[in-house]
Amino acid sequence: MTHRQLLKAVWGTAYNEDTHYIRVYIGQLRRKIEADPTQPRHIITESGVGYRLMEH
């Protein structure tokens, strides 16, 4: 999903440019679900685009 898709779905269109919200929450999710949050296997960053959820 792109940053904008996530922002719109969660916070609405008023937060369209506030990508720092996404980074904070993705970091929190990674700490909860990843074995090693510094080497994520489930939530992958797509630079300049957004995030990809991987199935394992």
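**Salt bridges and a hairpin**

Modeller: Let's start with R52, which is partly exposed at a relative accessible area of 45%. Here buried means under 20% relative accessible area, exposed means over 50%, and partly exposed lies in between (1.4 Å probe, protein chains only). This is a predicted model, where local features need pLDDT of at least 70 and side-chain atom pairs count only at pLDDT 80 or more, while totals for chains, interfaces and linings use all residues. Residues are numbered from 1 along each chain as its sequence is written, and side-chain values use heavy atoms, with hydrogens and water left out.

Biologist: Which side chain meets R52 in a salt bridge?

Modeller: Side chains of opposite charge can pair when their charged atoms come close. A salt bridge is a side-chain nitrogen of Lys or Arg within 4 Å of a carboxyl oxygen of Asp or Glu. In this case E46 meets R52, at 2.8 Å from N to O, and E46 is partly exposed at 28%.

Biologist: How many salt bridges does the structure hold?

Modeller: There are 2. R4 and E17 form one of them, at 2.6 Å from N to O. That pair links distant parts of the chain, 13 residues apart, with R4 in helix α1 (residues 3-10) and E17 in the loop between α1 and α2 (19-33). E17 is exposed at 56%, whereas R4 is partly exposed at 46%.

Biologist: In which sense do strands β1 and β2 pair?

Modeller: Helices (H or I, at least four residues) and strands (E, at least two) are DSSP runs, numbered from the N terminus. Two strands pair if DSSP finds at least two bridges between them. Here β1 (residues 43-46) and β2 (residues 50-53) are antiparallel, over 4 bridges. T45 has Y51 as its bridge partner in β2. The hairpin has 3 residues between the strands, and G48 takes a positive phi near 75° there.
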